[in-house]
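User: Hi! I'm new to this one and would like a friendly tour. Could you start with what "buried" means?
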Amino acid sequence: PDLLPGFPATIDIKIYDVNGNPIVAGSEIIASANGGALSWNTALITGDPGVTRYQVVLVNNLDPADPDAKAIATPVTISVNSQNGNVVRSSPVIVLRLN
């Protein structure tokens, strides 16, 4: 999807093993993107072992009045580091538009 300045996109994250079990407490989840502002981008440490669903919000923070600003195409990448294994996955590309 395309995002205009100031608009958000919510990325739903479902994390579980091949048997449908949630990841273990103390696992680390990191969200990153090449552009925009994420609602969190520091390591999120899982607590409740029953949780399998997380969310991160990407906001288009490009300034259309900035002459150096340009549209950016970026996926949101989620990295999971867990004692039971690590994985990295990305969302479809989101285009941060200027207008």
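Analyst: Happy to! Buried means under 20% relative accessible area, and exposed means over 50%. Keep in mind as we go that this is a predicted model.

User: Thanks. Is threonine 46 buried or exposed, then?
Analyst: Threonine 46 is at 5% relative accessibility, so it counts as buried.

User: Where is threonine 46 found?
Analyst: Threonine 46 sits in the loop between S5 and strand S6, the latter covering residues 53-59.

User: And which residues does threonine 46 touch?
Analyst: Leaving out residues up to four places away in sequence, threonine 46 touches Ile23, Val24, Ala25, Gly26, Ser27, Ile29 and Tyr54. With valine 24 there is also a polar detail: a polar atom of the threonine 46 side chain lies 3.1 Å from the backbone oxygen of valine 24.

User: You mentioned S5. Which strand is joined to S5?
Analyst: Strand S3 (residues 28-33) is joined to S5 (residues 44-45) by two bridges, and these strands run antiparallel. Isoleucine 29 has leucine 44 in S5 as its bridge partner. Ile29 is also one of the residues that threonine 46 touches.

User: How many bridges join S3 to S8?
Analyst: Six bridges join S3 to strand S8, residues 76-82, and that pair runs antiparallel as well. Within S8, isoleucine 78 is the bridge partner of alanine 31.

User: Changing topic: what about proline 92, is it buried or exposed?
Analyst: Proline 92 counts as exposed because its relative accessibility is 65%, and the cut-off for exposed is over 50%. Proline 92 lies in the loop between strand S9 (85-90) and strand S10 (94-96).

User: What does proline 92 touch?
Analyst: Thr74 and Pro75, not counting residues up to four places away in sequence. As for arginine 53, it is 39 residues from proline 92 in sequence, and their C-alpha atoms are 18 Å apart in space.

User: One last topic, pockets. What volume does the largest pocket have?
Analyst: The largest pocket has a volume of about 440 Å³. Its lining is made of 22 residues, and Lys14, Ile15, Tyr16, Val80 and Val87 lie nearest the centre. Strand S2 (8-14), S8 and S9 are the elements that each give two or more residues to that lining.

User: Which of those gives the most?
Analyst: S9, with five residues in the lining of the largest pocket.

User: And how do the lining residues divide by type?
Analyst: The lining of the largest pocket has 11 nonpolar, seven polar and four charged residues.

How values were computed: Residues are numbered from 1 along each chain as its sequence is written. This is a predicted model: local features need pLDDT of at least 70, side-chain atom pairs count only at pLDDT 80 or more; totals for chains, interfaces and linings use all residues. Side-chain values use heavy atoms; hydrogens and water are left out. Two strands pair if DSSP finds at least two bridges between them. Helices (H or I, at least four residues) and strands (E, at least two) are DSSP runs, numbered from the N terminus. Buried means under 20% relative accessible area, exposed over 50%, partly exposed in between (1.4 Å probe, protein chains only). Contact means heavy atoms within 4.5 Å. A polar contact is a pair of N or O atoms within 3.5 Å; within protein, one must be able to donate a hydrogen and the other to accept it, and residues adjacent in sequence count only if both atoms are side-chain atoms. On a 1 Å grid over the protein atoms alone, a cavity is a set of points where a 1.4 Å probe fits but cannot get out, and a pocket is an open set with protein on both sides within 12 Å along at least five of seven lines; lining residues have an atom within 4 Å of a point. Grid points are joined across faces, edges and corners, and a volume is the space filled by probe spheres set on the points. Ala, Val, Leu, Ile, Met, Phe, Trp, Tyr, Cys and Pro count as nonpolar, Asp, Glu, Lys and Arg as charged, and the others, Gly among them, as polar.
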